[in-house]
Amino acid sequence: MTIFKFPQDFRWGTATASYQIEGATQEGGRGVSIWDTFARTPGKVYNGDNGDVACDSYHRYEEDIELMKKLGINTYRFSIAWPRIIPDGDGEINREGLDFYHRFVDALIAAGIEPFLTLYHWDLPQTLEDDGGWGNRRTVDAFVKYAEVIFKEFSGKINFWLTFNEPWCIAFLSNLLGIHAPGNKDLQTSINVAHGLLVAHGKAVQSFRRLGTTGQIGIAPNVCWAEPYSKSPEDQAACDRSIALNTDWFLDPIYKGSYPQFMVDWFAEAGATVPIQEGDMEIISQPIDLLGINYYTMGINRFNPEAGALQSEEVDMGLTKTDIGWPVESRGLYEFMHYLQKYGNVDVYITENGACINDDLENGKINDDRRISYYEQHLAQIHRIINDGINLKGYMAWSLMDNFEWAEGYRMRFGLVHMDYRSLVRTPKESYYWYQSVIKNNWLETRN
Ligand SMILES: N=NNCCOCCOc1ccc(-c2cn(C[C@@H]3NC[C@@H](O)[C@H]3O)nn2)cc1
């Protein structure tokens, strides 16, 4: 048994997102989002599941906050649904939507829990998608209008802000691979989306500063750490492309004011170019205060000319996998955090980390031992990372509770709390009690 102590001011939390937990999709003046549309498109989401009810957190958030208090977290990452605030995307403001989030944020603060807000966690108003989505500057301007409404409303209550969750998922998973909403499968479209959201990010940061909004602002890329299957230069290059499209494609423009040239050249070979307008890169590279990093797994990749736009394929190395099929390999988090140092020793929060373990209730308990093992391995890496002097300031487990896992619907469970989707009864899993003790002690005690 080993004891890993964490810094006194280390933040412990959990994370969720509006479309995945709220439900009440036709209440409170909410408009239609691209995920409402996508989930209703046959074949897009497992079992035809959708977010109409989800965890019903729109009505049950006080119950959720009780679970957070008992868990002992001091930080809770959530997202605001843009369609609740400006239902048609860039028109009238819906006061009822703002009031809902004020009640929620006030209840969080009253519980002694720091709100950690994601402005955009994928639920784009459908009206904007109908008019070209993130590739249309109208959407960029609409996002800035929405962000300014939230900055003005919640400055002083919220002190941790993220503009976008997982820009790779928004741009490439959703517009090149077509696996998430809106389901496009076109390289140029995905590059246009990536650029649009980066300009929107930069403009929102400018507004954040101009309005004197309290706190710190950043963005939350997801990590795709990859190591080469062989020592061949082709396999290494395939890994470099996979890592870069999740990280450098977004963080180079933000921290360096330019895209990674080797990737720009790679896409130019495929006839795709970045639609940069005069002044865009200066806007995008507004200084930010923090990064959220979402880590789940890593891959061993090799070059394969048939393997999609990056010609990079993951090789199954027979590692233990979670129930969504992702290898359990915490080493990638350590390697990635050192890779990230090329942008400087920036303040980083792990804004998502967790395991899909679909254990169900047995005699009133959920013995999700595999999830505890996953968290134990990853928190041990977190401790190593901090010990190396990297400014890792906090950790948010994905997720507080089982919820709508996008194209996988409700079959994939990432929660520390089990959700019975019929009764909406929440049942803490054994991993909840394990995480509770880590937080209470502020140390990790490994079991072997
Ligand atoms: N990376 N290369 N992939 C190559 C081809 O992959 C095909 C499938 O791809 C992916 C990749 C990544 C994901 C994913 C899901 N979550 C979990 C959510 N995070 C935000 C929060 O809402 C959680 O629900 N994080 N990431 C899904 C599918």
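This passage looks at one strand and its neighbours, and then at the aromatic rings, in a predicted model.

Strand β11 covers residues 348–352, and five of its five residues are buried, so the strand is largely enclosed by the rest of the structure. It has a partner in strand β8 (residues 290–294): the two run parallel and are joined by four bridges. Within this pairing, Ile293 stands opposite Ile350 of β11. Strand β12 (residues 392–398) also runs parallel to β11, with three bridges between them, and here Tyr349 sits opposite Gly394 of β12. To get from β11 to β12, the chain passes through helix α15 (residues 369–387), and this β-α-β crossover is right-handed.

Now for the rings. The count comes to 53 aromatic pairs. Take Tyr61 and Phe100: their ring centres are 5.8 Å apart and their planes sit at 80°, so the pair is edge-to-face. This pair ties together distant parts of the chain, with Tyr61 in helix α3 (residues 57–71) and Phe100 in helix α5 (residues 95–110), 39 residues apart. Tyr61 is buried, at 10% relative accessible area, and Phe100 is buried too, at 3%.

Tyr296 and Trp326 make another edge-to-face pair, at 5.4 Å centre to centre and 65° between the planes. Both residues lie in loops, Tyr296 between β8 and β9 and Trp326 between β10 and α14, 30 residues apart. Tyr296 is buried, with a relative accessible area of 12%, whereas Trp326 is partly exposed at 30%.

Charged side chains meet rings as well: Arg241 lies over the face of Trp266, 3.9 Å from the ring centre, and Arg411 lies over the face of Tyr46, at 4.0 Å.

Notes:
Residues numbered from 1 in each chain as written. Predicted model: local features only at pLDDT ≥ 70, side-chain atom pairs only at ≥ 80, totals over all residues. Heavy atoms only, no water. Buried < 20%, exposed > 50% of the residue type's maximum accessible area, 1.4 Å probe, protein only. Pairing = 2+ DSSP bridges. Right-handed = clockwise from strand over helix to strand, strands pointing away. Phe/Tyr/Trp six-rings, centres within 6.5 Å; stacked < 30°, edge-to-face > 60°. Lys NZ or Arg CZ within 6 Å of the ring centre and 35° of its normal.
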